[in-house]
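Q: Let's read this structure feature by feature. Give me the rule, then the case.

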Number of protein chains: 4
Amino acid sequence: MPAQYNSVVAAVNNKNANRARMLISCPDRPGIVSAVSQFLYEHGANIIQSDQYTMDPEGGMFFIRFEFELKDMDRELPVIVEDFTRVADRFDMKWHTFRASRKKRIAIFVSKEDHCLMELLWQWQSGELDADISMVISNHNDMREQVESFGIPYHHIPVTADTKAEAERKQIEVIADKVDMIVLARYMQIVSPKFIEQFPNRIINIHHSFLPAFIGGKPYAQAYQRGVKIIGATAHYVTEELDGGPIIEQDVQRVTHRHNVDELKRMGRTIEKVVLARAVKWHLEDRILVHQNKTVVFN
Amino acid sequence: MPAQYNSVVAAVNNKNANRARMLISCPDRPGIVSAVSQFLYEHGANIIQSDQYTMDPEGGMFFIRFEFELKDMDRELPVIVEDFTRVADRFDMKWHTFRASRKKRIAIFVSKEDHCLMELLWQWQSGELDADISMVISNHNDMREQVESFGIPYHHIPVTADTKAEAERKQIEVIADKVDMIVLARYMQIVSPKFIEQFPNRIINIHHSFLPAFIGGKPYAQAYQRGVKIIGATAHYVTEELDGGPIIEQDVQRVTHRHNVDELKRMGRTIEKVVLARAVKWHLEDRILVHQNKTVVFN
Amino acid sequence: MPAQYNSVVAAVNNKNANRARMLISCPDRPGIVSAVSQFLYEHGANIIQSDQYTMDPEGGMFFIRFEFELKDMDRELPVIVEDFTRVADRFDMKWHTFRASRKKRIAIFVSKEDHCLMELLWQWQSGELDADISMVISNHNDMREQVESFGIPYHHIPVTADTKAEAERKQIEVIADKVDMIVLARYMQIVSPKFIEQFPNRIINIHHSFLPAFIGGKPYAQAYQRGVKIIGATAHYVTEELDGGPIIEQDVQRVTHRHNVDELKRMGRTIEKVVLARAVKWHLEDRILVHQNKTVVFN
Amino acid sequence: MPAQYNSVVAAVNNKNANRARMLISCPDRPGIVSAVSQFLYEHGANIIQSDQYTMDPEGGMFFIRFEFELKDMDRELPVIVEDFTRVADRFDMKWHTFRASRKKRIAIFVSKEDHCLMELLWQWQSGELDADISMVISNHNDMREQVESFGIPYHHIPVTADTKAEAERKQIEVIADKVDMIVLARYMQIVSPKFIEQFPNRIINIHHSFLPAFIGGKPYAQAYQRGVKIIGATAHYVTEELDGGPIIEQDVQRVTHRHNVDELKRMGRTIEKVVLARAVKWHLEDRILVHQNKTVVFN
C-alpha cells in the first residue's frame, strides 16, 4: 500500500475501535425507539447516529439502525448482546449487532471487464472501503498480474457449460470460511441457487442497466435498440431470480441518438463502477436492511 | 394573456418571420452536406444553425437539420421547395420544410390530473411554446373553468368501454382540420390504431415511468413494488404498441425507501410536466426526426 | 378549488389532525435520544418518524426531529409542552413543537416574473403545500387577476428608491398578524434588515443562481459570461447579508455554449420554481433547523 | 498493457488511420458552411461529422468542426492544408487540421492525491483515451511505483517556495519537445505565467469545486462552511488568472448537512476524476474551441 494511505487507514481503524452498529426489523408499534434507546443508554452506549423508518404507521414494519460507541467494546458488547434478547422478544425483533472494527472479508468475482474491480481495489487501497479483500476469483486469467500487485490472491477457475457445477465446487472450496460477502464485479456467469443460498443477501451484483429495464444479456444493445435517452446501472443483492433481487443503488446518465452501443458501454462503465462501489460501501457499513424483495438503506 | 408576456411573444414572432427549417433523412454517402449547403447558399438562405448525424459512416442513414433565414420568405421559400427536388432525388432524400412563423396548432387531451396541462398552458402563455393551442379535449368536465379562463375551447367527450369508438368519432369531428399535433397530457385512455394513423409521429404522450420499465397502468405502484431508487417519466410518439413508440425525452429523480406510492406520484408530477413540455417544445421547433422506432433530436 | 382536489386536501387534513412535530437543538451528549423518546412514550405519543444529526460526536451540536401522533391532541399536547421543560433544561435544549393541523399562513411576494408564484399556487391548490396562502404582495399590478382567480387577496404596493421605507411600512400593515412566513417568489426588491428582523428564518427567497456563485443582480448574464456548463437555483432563508443566508435547497441543470442568456433564463425558471417549492414544503412540514448560517434539513 | 485491451486499441488505431479533423473560428457571414463543405467534397473528403455554432447570427462569431475521412491521408491532407488558405483568407478564418492518428503526447502533473491520475491511467490503458502518456511529473515521490508499473517515466521534481523557478526550469527540461498537452491531475502548485505561455489552451486543470464558487485553496472546507447542498468539480484550461480560465466541463453531486469536510472530499474525488477524464478526452479528440474566456465544446 502506498505510503500516503497509511494515515487514512490508521484513522479509520482508530475511529472504529469503539464503534458498533445494531440493525433491527420488527412489526411497528409504540415504544420501540424509546425501549431501544433507553436500553443502550443504560448499557453505557453513546448513540452516534440513529435512523428509523416505518413502512406504514398502522401495522407495517419498522426498521432501525443505531451506531454507537462503547468505552470497552470487548467487555460491554457481549453483555449488550446477551441482555438485548429481552427487548427483542418483547417486540418480536429480528436484529444483529456488528463491531465496526471487525472488517468484512470480500471475495470479488470478475470476468474480462476490469473497471469495477479496479475501482474497488483503488477505493480499498485509499481507505474508502473498510474491508479486507480476501481474494479475487475469475473465470479468466487476464487480471492476475494487476490483482497480485495489490498483494491479493487470484484464483483462476475456468467455467464452461459442462464444468459449471464443478467450477462452483472449486469456488466454494477456495472461499472456505475466509469470506463474509461476495461482489460480482461484472462477473458474466450466472450463479446457481445452491451457491446463492450460502450467502443470503451477501452477494452484490452490478447489472449494467437501469433495472427492471433490460434484464439479462446485452443491456446496452437493448437500450440502443429501444432508443432510451438515459442509461443506468443497478447494484442489487443476488437472488434466484435473474436480475430480480433487492435493489441497493442505481444511477444514470443522459445519452443521445449520437451514442452507439460501444459508446453506451464506455459511458456505462463509469456509472457501473460508481454505483457498485457505493453499494459495497453501504453493505460494509451495515447500512442496508432487506425486507421481502426491497432494501431499506440508511445512508 | 397577461400584459407582461406581450413583449416576449412579439419578440418571438418577429424573430420567426424570416426563418425556415429543413429536415432531411437519407442514406449516407459523400457530398450531402456540401450539396445542400451549396443549394441553400445559392438560393439566398443564410444558415443559422445546422445539425447532422450519421448512424454509421458505411451504409447507414444520414439526418440533417438546417435552420435558415430568407430575406423574402413568401417569395423565396416556394422556389426553394420547388428547386430542391432535384437535390433530393439525387440523394434519395425524405425531406420537409417548415416556416417558423407558421405556428403548429395543438389539441391537448387530458383526464383528471391537471399538472401537465397547466404546465403547457403556463409555458404557452409565457411565450415558451411557440404554438396555437386550439382546444382541450377531456373525458371529464373537471378542468373546463381553468381552460376556458385562458380563452381556449374545452370539449368534454366522455369515454366508456362501450362508447369508445363513438367518442373517438366525436374527437375527430371537433379536431376536424384545426389541429396539427396532439398532446396526451396524462390522458388515461388508450387511443385506437385508427386514430393514431391520422397523426403519424404527431401525437406525443407522457408516460409516468422510465420506459421501458413499468409499461401500462399504475407505474408508480410498480416502481414502489420493485423498490427502484430512481423514478422517471418518458415522452414518446404514440404508436400502435402501448408505451412502445419512439422515445423523445426522459428524465429521472432519486427516491428512497421512505417514499410511498403517493409520494412517488407527487414527485413524479414535476418530472412528467417538465419532460412533456420539453418534448412538445422540440416538436414545435422541428427538432425531431423519427427513424424506425427511434428519434434523432437536434436540440 | 377544482373538485378533483377536494379529496386530496381532505385526506391530508385528516392525517394531520393527530400529528405533532418537535424540533430540538442542543449540545451533544449521551442520553438525549433515550430521554426524549422515553418522555414521548410515557406521554402517550406514538413516534411516526425520528431523525437526528450529530455535528461531531465530541462536543458538537445535536439536532433531532420527532413526528408523533397523540390520541387527543387538544388535551395532551399542552401537557407535553409543559412537562418537557424539565427534559429541555437538563440538556440545555432549544426546542419547538408544532401541530401539523395548524396550517402556516404564507404571504407571497412577487414582482414581474410569475413562474414561481404560479407553481406555488398550483401546488397549494392540488394539496401538495399544506398551508394557507393569506395574500400576495407585489410591487406591480400585473398578476392581480391570476391571483384573485384563486380567491387570494392581492396587494399592489409600488416600490421606488424614494418610497422604499414607506412601502415596507405598508407591507407590514397588510401583513399585520395574518402571516407566519414570507416567500419571496422572484421578488426583485431588497428587503431591509428591519423587515427581516420580524421574520427570523421565516423568509424564504429563491436566488436564480447556484450560490455562492453569482450573487446579486443578473446571475444568468454572469453565468453566460463565465461560460459555466451547469446553471442552478438556490432557496435560502433571508438574512441581512445579500444572498448570504442559510441555504435550504439547490438544484442544477446542464447547459452548453449554445444557450444564450435568454435561454439560460428560460431553463432556469423550471429549476427555480421546483427548488423554491421544495424549500417551502420542507419549511411547512417543520423539517428545517437553522444553526449558525447553515440548515439541517430532515427530508 | 493487459491482453484484453489490445483489440480495443488496435480497433481505435485502425479507425483513426484515415481520419482528420478541422476546427475553424471566424466572423459569421453567409456561405461559410457551403464554402467549406464544398471544398472538402471537391478534395475527396467524406464528412463523418460536422458541428457548428453561431454566437449571434448578426455579427457574431462562427465556430465549426468537421471530422472527415480521406482515402490516402499522407498524400491528400497536405494538399488540403495548402489549398484551404484560399477559403480561409476569404472568410478571415482561424483554423487547424489534426490527423486522428497522430496521438497527442501528455505530461500528467500530480501531487499527493492519486485518484485523478489513476483514472487517467486506467482509461488510457483500456483504450478510452487516445493519447500517448509521455511522463508523469510530481513534486513528491509517492506514486513512482504505481506509475512505472504502467511503463511510464516518472520525474520527481520537488518544489518549495524558494525553488519554484528552478523547479519549473527542470520541468521544462524534461518536457522538452516530448509533450503536446499538460494535465494537472490535482497538482497542488500554482503554475507561473511564463510556464503557461508555452502551452496556451493546452494545460487542463481540475479544480475541486463548482467554479466560480470556491476559488483557491480548500474548496471543500469552503463548501462545508457555506452549507451548500450540491458540490462539484470543474475542468478548465489554465490561464494566468487563478481558477479563472475557460471552463471545459463541470459536474456535481448532491450532499446534505450530514457530510463533513472529509466526506465531501471523498465524494468529490469521484466527480473530479470523471470530469477531468471527460475534458481530456474532448481535448484529445479536438472537440474544443476557445473564444475569449469561454469554450465551445462539440461533444
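Q: Which residues make the nonpolar surface patch of about 280 Å²?

A: A patch takes residues with over 30% relative accessible area and no salt bridge, joining nonpolar side chains (Val, Leu, Ile, Met, Phe, Trp, Tyr) within 5 Å and like charges within 9 Å. Here the members are A:Ile190, A:Ile215 and A:Leu242. This is a predicted model: local features need pLDDT of at least 70, side-chain atom pairs count only at pLDDT 80 or more, and totals for chains, interfaces and linings use all residues. Residues are numbered from 1 along each chain as its sequence is written, chains are lettered from A in the order in which they are written, and side-chain values use heavy atoms, without hydrogens and water.

Q: Is A:Ile190 buried or exposed?

A: Buried means under 20% relative accessible area, exposed over 50%, partly exposed in between (1.4 Å probe, protein chains only). A:Ile190 is exposed, at 57%. A:Ile190 sits in the loop between strand 8 (181-184) and helix 7 (193-197) of chain A.

Q: What about C:Ser111, buried or exposed?

A: C:Ser111 is buried, with 2% relative accessibility. Its place is the loop between strand 5 (104-110) and helix 4 (115-125) of chain C.

Q: Which side chain does the side chain of C:Ser111 join in a polar contact?

A: A polar contact is a pair of N or O atoms within 3.5 Å; within protein, one must be able to donate a hydrogen and the other to accept it, and residues adjacent in sequence count only if both atoms are side-chain atoms. The partner is C:Asn139, at 3.0 Å. A polar atom of the C:Ser111 side chain also lies 2.9 Å from the backbone nitrogen of C:Met188.

Notes:
Accessible areas come from the Shrake-Rupley method with a 1.4 Å probe; for residues, only the protein chains shown count as cover. A salt bridge is a side-chain nitrogen of Lys or Arg within 4 Å of a carboxyl oxygen of Asp or Glu. Helices (H or I, at least four residues) and strands (E, at least two) are DSSP runs, numbered from the N terminus.
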